[in-house]
Each structure stands twice: as structure tokens, then as C-alpha cells.
Amino acid sequence: MRGISAIAPLAVALGATATSASAIPENLIPSYFKRASSLPQVTVKGNAFFAGSSRFYIRGVDYQPGGSSDAVDPIADESTCKRDIVEFQKLKINTVRVYTVDNSANHDACMTALANAGIYLALDLNTPKYSINQASPANSYNSVYLQSLFATVDAFQGYSNTLLFFSGNEVINSVSTTSAAPYVKAVTRDLKQYIGNRKYRPIPVGYSAADIDDNRVETAHYMNCGTDDERSDFFAFNDYSWCDPSTYSTSTWQQKVQAFSNYSIPIFLSEYGCVKTARKFEEVATLYGTQMTAVYSGGLVYEYSKEGTSPPQNQYGLVAISGGSVSEQPDFSALQSAFQGTPLPSGDGGYKSSGSPSICPTKSSTWLVSGDALPAMPPKASAFFKNGAGKGPGLSGAGSQDVGAESPGTATAGSGQATATGGSSTSTSVAGGRPADFSMGPLACGLVVLLSSFVGATLL
């Protein structure tokens, strides 16, 4: 894609037009300029995901080589991601979750390669330096933080295989940290408003929760209560309660399905795969079976690569990475067999096409949030709606957690509704395409010049 920027200015200077380029026969357009294959954009309908008119079940792995201790973007390196896509294809997955990306890097090559393999991206927008501090949430909720998140949205919204965005991961992981819940929910609201005001396609935004018995249900209902602008588009949680050998009932999965039977937005497992016993992934058959598909939309296995040198972290990897080589571990073949023996469900899985928002949980000994008011968005962040977020700080930025609180108080319910007054977008449906400010005009102009030169040369 780098060559396009060099050719387009020349074409413009010569007065070429997109209209004239549209008449160029397909067989004369060099493969270099042809669009990468795209995937159907996934949307939310009721309590399920749909790719076009077909129910979409998440079937994938969590992908962060290097782990949390080594913040490296795995989809900014073309050779690394293409190496690992070979393994993804053996598993026949359709989604990878990435926890950390560099929002100042280019991701065209890897996103295109993933799309060509039929794989979507579930992306965490936070990074170690730009995230809500659960111990001091008010202080870490500021415009510097939101600029980083918005910049990541800018970088990935143009890819058709960007499946969804996580506004947070396990920020609430105890009773005492429930006080951070309003800030996580405010971030979800801000992201949805930013996407709407920038006129991007409606990429789902939601939260990945810890599986805490004390307040799992309260967290889920809190993220789904209130006005539409405040509610998550989906809810996910990291569940390690099924340890082989187990069953639908003894694992507590049955109880959880019952607890969420009337939940009105999609639910899926953002992490699963207990390592207390040898992993055979027997839960796969249940997760994609009729007992769960009316409520759940699949899940992501934790995790792709072994990380660290001590238990339990180094017990999770499906593969081991050494230098540039990958070696499949016993868990890899176990998961591969489980997926092969469990086809994706046909039909709509019994999903609910409509439902009501949840009722906000009341303050209790396990839920320390009082009321349902959210902090107002930092005023400085509103400028991004019109002008865009600009260049992301990447992984080497100064960070945002110590910048200080900027919220002026509590927001009025409904005030986060997108007004669609932001800058125009030419968001492409092409996986591997450019971000929102990329239009087909310069490309078409470049084609005219290139093909004119080519044809002229052949006549000499």
C-alpha cells in the first residue's frame, strides 16, 4: 500500500479523475492495486452477533505473544503474524483477541492477511500506560487517555474484519474495585459516541469482565442498564470454571446460562480454558451446543503462546515460540480435535431478536456503586469528535494515568448520544484498507497515470 501515496499526488497534478478511472477494465488493473478481500461486517441483533444475515459465533484464541509483561504489538509485524496465521488456519478459528496494539504503527499487512484467512479481530483499546487505574479511576479518566483510545479506533475502524472493541479488561476484579465501574462504563459511552460522531460504521463496544462470583451478575447488568448511549453493545467475561473432566452442570455453566437467560445483548467468553487438569477442551462441544447458543455467542481460548517461566502462566500456551519458530504443544492438538468434532451451529441458535435493558443493580455489600449516574466526559475530549484524535502515542508514550482527573461532574443520562456532527468518513469495507481518511479518488487517479504510462510504453 505504500506505493499509492507516491503515485496519487502525481495523478492529481496531471488532472486525472476518478470518473475516468472507473472505465478501466478489471483485467487491466494490476493486482498490486486490487482491493484485498473483505469479510462481512459483524453487527449486533438482539442478543447475538450477525455477519450479514447469518448468526456469527466467536471461535478463536487470545493472541498476545510476549504476554502482559512485554507490551509488543503482534499485528504490526507482518512476518510474525503471517507465521502465526498458519497455525490459526490449522485450528480453523474465525477470531483472535489482541490485548495491546501500537496505535502509531501501520497494520495493513497483518489485517489483510487475517482477512484473507477469514479471521476477525477482537481488540482491547487500552494499553499498560493508557488505561483506567482501578485504584484511582477518577484520576486516570482524562482527555489524554481518551485521545489514545480514539486514535486506536481511527486506526482500526476501516478494516472490515475489526469485529469489536473492548473498553476494559478485568478492571473490576473484586468487591473494592467496583467503584471503578462508572468510569469503565463512561469509557464505553465515550467510544460509542466517538464512533457515531466520526460517522464510522457501528463497531460493537463492550467490556471483558473477571469471573467474580460476588458481582459477576451485577457487573453484567450494570453494563447493560441505563440509556442506549450508556449501555454496552455486548458483555464478555473470562471464565475458567470448566476444568476437564466436567459437565454443563458441575462446571457452573448451566447456572450462568440461567442467570443470563433474559439478557438482551450478546454474551461470550473472552477467555476460557482451565489448566488445573490436563486440557482436553471438552467444554467446546457444550459452548457451541444447543444448551448455550440461545444465550452465548462462543468464546476465545486462553491463550495462543506460552508466556513466562513459572506456573500458572506458562501452562496456558497452545504453542511455544522460540525465535522465529513455533512448536505446537499438546493443548494445540487437543483444541484442534475439539473444534473438528464440533461444527459451528446452523440456523440462528435460538437467539432473542429483541429484549429490554437490564435494571441497574442497587448498592450492596458486594456492589459499591451508588446510583446509575456516570462521570461526564472530559471537555477537552469533545474536540476529537470534529477533528479526529490525531496520531496515537503508541507504546512508548508518556502515559495518562497520572495526568489527573478532568471530568467536570456527572453526566446527564442520554448526553452521550452521537450527534453525527463530526468530520466525514470514507470508511472502507476492505480488510487491509486504509483508515477513514483514505478515499478511492487518489487511487483511481494513480491508476489512470500508471495505466496510461503502461499503454503508452506498449505502443512504442
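# Close-up views of the model

**View 1. Arg201 touches Gln41, Gln157, Tyr159, Ser160, Thr162 and Ile195, leaving out residues up to four places away in sequence.** Touching, or contact, means heavy atoms within 4.5 Å. This is a predicted model, so local features need pLDDT of at least 70 and side-chain atom pairs count only at pLDDT 80 or more, whereas totals for chains, interfaces and linings use all residues. Residues are numbered from 1 along each chain as its sequence is written, and side-chain values use heavy atoms, with hydrogens and water left out. Arg201 sits in the loop between H7 and S8; helices (H or I, at least four residues) and strands (E, at least two) are DSSP runs, numbered from the N terminus. At 10% relative accessibility, Arg201 counts as buried. The cut-offs here are under 20% relative accessible area for buried, over 50% for exposed and anything in between for partly exposed, with a 1.4 Å probe and protein chains only. Gln157 is 44 residues away from Arg201 along the chain, yet their C-alpha atoms are separated by 7.5 Å.

View 2. Most residues other than glycine have a negative phi, and most peptide bonds are trans. Lys199 has 42% relative accessibility, so it counts as partly exposed.

View 3. Pro245 is in the loop between S9 and helix H9 (253-259).

**View 4. Eight strands make a closed barrel in the order S4-S5-S6-S7-S8-S9-S10-S11, paired in parallel.** From one strand to the next, the twist averages 25°. Strands count as paired if DSSP finds at least two bridges between them, and angles run from 0 to 180 degrees between N-to-C directions, with axes taken as lines fitted to C-alpha atoms (for helices, over the stretch in contact). Zoom in on strand S6 (residues 120-124) and strand S7 (residues 162-169): they run parallel and are joined by four bridges. In one spot, Asp124 has Phe166 of S7 as its bridge partner. Helix H6 (residues 143-156) lies across S6 and S7, at about 165° to S7. Elsewhere, helix H8 (residues 216-223) lies across strand S8 (205-210) and strand S9 (234-239), at about 160° to S9.

**View 5. Helices H3 (residues 78-91) and H4 (residues 108-116) have axes that come within 9 Å and cross at roughly 15°.** That angle is why H3 counts as roughly parallel to H4. The naming goes by angle: under 35 degrees is roughly parallel, over 145 roughly antiparallel, 65 to 115 roughly perpendicular and the rest oblique. H3 passes H4 in a right-handed crossing, a label used if the near helix is turned clockwise from the far one by less than a right angle, with anticlockwise being left-handed. At the contact, Glu78, Cys81, Lys82, Ile85 and Phe88 of H3 meet Ala109, Cys110, Ala113 and Leu114 of H4.

**View 6. The largest nonpolar core has 91 residues, and Val61, Ile75, Phe88, Phe156 and Tyr296 have the most contacts inside it.** A second, separate core has 16 residues, including Phe56, Ala115, Leu163 and Ala236. A nonpolar core is a set of buried Ala, Val, Leu, Ile, Met, Phe, Trp, Tyr and Cys residues joined through side-chain atoms within 4.5 Å. Back to Val61: beyond its neighbours within four places in sequence, the residues in contact with it include Phe88, Leu91, Ile93, Leu300, Val301 and Leu335.

**View 7. Three strands form an open sheet in the order S1-S2-S3, with antiparallel pairing.** S1 and strand S2 (residues 48-51) run antiparallel and are joined by four bridges. Across from Lys45 stands Ala48 of S2.
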